[in-house]
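Dear colleague,

I am passing on the structure below, together with notes on a helix pair and a sheet. Please read the notes with the structure open beside them.

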Amino acid sequence: MASGEQLSAIKGAKVLMVGAGGIGCELLKTLALSGFQDIHIIDMDTIEVSNLNRQFLFRQSHVGQSKAKVARDAVLRFRPQISITPYHANVKDSNFNVDFFKQFSVVLNGLDNLDARRHVNRLCLAADVPLVESGTTGFLGQVTVHIKGHTECYECQPKPAPKTYPVCTITSTPSKFVHCIVWAKDLLFAKLFGDKNQDNDLNVRSNDTTTSSDHSEDIFERRKDEDIQQYANRIYDHVFGHNIQTALSNEETWKNRNKPRPIYVKDVLSDEPIQQNGNTDKMLDNDNLSSLSAMAYLGLKNPQDIWSLKENSRIFFAALKLFFSKRQKEVGNLTFDKDDPLAVEFVTAAANIRAASFNIPLHSLFEAKGIAGNIVHAVATTNAIIAGLIVIEAIKVLQNDTKSCRMTYCCEHPSRKMLLMPVEPFEPNKSCYVCSETPLLLEVNTHRAKLRDLVEKIVTSKLGMSLPLITHGSSLLYEVGDDLEEDMVATYAANLEKVLSELPYAITGGTIITVEDLQQELVCNINIKHREEFDEEKEPDGMVLHGWTPAPAAENNKDATDNNGASTSSTSKSAPDAMEDDDVLLIIETGIETIPAGGKKRKLSDVSNPDTAVDEKRSKKIPEQPENNGDVIVNLDDGNDDMSETVPQ
């Protein structure tokens, strides 16, 4: 039962919730039942069928509608006297600025990606509003409290880096099933069913171009009078046969690698026809294109079965046939969608055929969908527990009882006989460039890199700035905004294409530039260090930012646990794998890790030199856990990892 003081704090609070998904539904319900009177919700998503198994405020009839608005209506049915204001919008929109955030007593995050989390963290710092963060995946979860000047901010601790795969690995030397999925989804599917004019590395397999003289035509262009089966056979033989054969001609590549084997239609299916399910004609007459399935077409039923090479080839041909015969109007404009059964079947089959060629273990449709669609299967109970913990911490914050605030971890297995592990919040990290304004160091070839590279690869991608402004001394080099005059827009656009050392105010070794985000009210200085060469495999950006660098992702994990992450539509550079599920997610690193013992607070001296300091209070080691507990399918990468500290399991 809440005390009078708590009830007073609750009723007088104005709360902002960001996210109305898995945690958000539970959180809104708990806030309403706890007595909160004034709640605002921001969520840009609409309801999907896949949300309905855990986001209990939504029903089948709500599919396609705004999550924030439907959640509001659902809660008002049992708490009609409270005020709930929904915003069907992106929290990064310009109207959600510092002044907007200043009106709230506390901000509660239920987000699904690292970029938005960082954005909200910075706005809360600028507005001096407490933030309660959260995350769940499967049976694991966490709640952390961030109060300016009292605790570390969300970005004080490094976040695991998005795993990237160089194009040469994806196209020529895959060694993991995830490489085959990226190839099938972002290259082959996009080339066959997406924009035919997009740049694509699918045909490039060897530096020896003489071997491909007979294939100078666009192999993916369907010829006149060519039926679907002939076209499918030609595509199959090219991508799984000819391209592999061409790659084998470069003997240097395979000196220390197992050689792949080319696979041709005649080797797998001979001349036998594809056996169709007896209900094929009925299925093809169905006008509901979203229900089309190659598995149903062939009479296959269990998505957890691992198909043989022959079965994968049949699925490949059946899916391609269905796309071109029943969904021909969409061909040329399609992008991969994890909720499109036919797309998932095609990508699974193509990835498995490629995996067979490179001696990589095959995977089931269920597993492949989890990897391709970046899916972590959520547990509704965990979301409910975490939502309750968020409200508990929010009440402490509203009472200004910061000494009682705790970071709480929800464990899958008891640790010290506890499933909920409370830890005293850490103090701000003096080396954090966000809340402590510590300068960053950028190594870059100033004679080769353009300002556009700096903006796209560092300022927006790594620093997460939405409306960046770049200055050198008192000189403005670049700015983004709707109120800029045309001549200034033209000047900044021209600057983007200039090499750093050739800008009107040259950026060279020893230069200090200032980067500012007007919306986030964040300013940081970057020291420039000129460097001639970079390793294309390890440093694909051609520049390295120090003082920001996230913790490295584990390299020895199996494919099934290759951690989460924003899948990209192209692998023209590196192919980052990102999480885009609708639940708030967090990643648990495997291996020996340490945690704060006994809920002790980390001292400022322990973080003043993060590269060398050893926190004695992290003395209790966590033994390595199984890589996959069967309940969680982890997606392509670590892109949205939201763990500040390793969670005890």
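**Helix packing**

Helix 2 (residues 22-34) packs against helix 15 (residues 380-398) at an angle of about 45°, the two axes lying 8 Å apart; axes are lines fitted to C-alpha atoms, for helices over the stretch in contact, and angles run from 0 to 180 degrees between N-to-C directions. Helix 2 is therefore oblique to helix 15 (angles under 35 degrees count as roughly parallel, over 145 as roughly antiparallel, 65 to 115 as roughly perpendicular and the rest as oblique). Helices (H or I, at least four residues) and strands (E, at least two) are DSSP runs, numbered from the N terminus.

On the helix 2 side, the residues in contact (heavy atoms within 4.5 Å) include Ile-23, Leu-27 and Leu-31, and those they meet in helix 15 include Ala-384, Ala-387 and Val-391.

The model is predicted, so local features need pLDDT of at least 70 and side-chain atom pairs count only at pLDDT 80 or more, whereas totals for chains, interfaces and linings use all residues. Residues are numbered from 1 along each chain as its sequence is written, and side-chain values use heavy atoms, with hydrogens and water left out.

An open sheet of 6 strands runs in the order 11-10-12-13-9-14, with mixed pairing (two strands pair if DSSP finds at least two bridges between them). Its edges are strand 11 (475-479) and strand 14 (543-546), each of which pairs on one side only, and the twist averages 25° from one strand to the next. Within the sheet, strand 10 (residues 468-472) and strand 12 (residues 512-517) run antiparallel and are joined by 5 bridges, and Ile-470 stands opposite Val-515 in strand 12.
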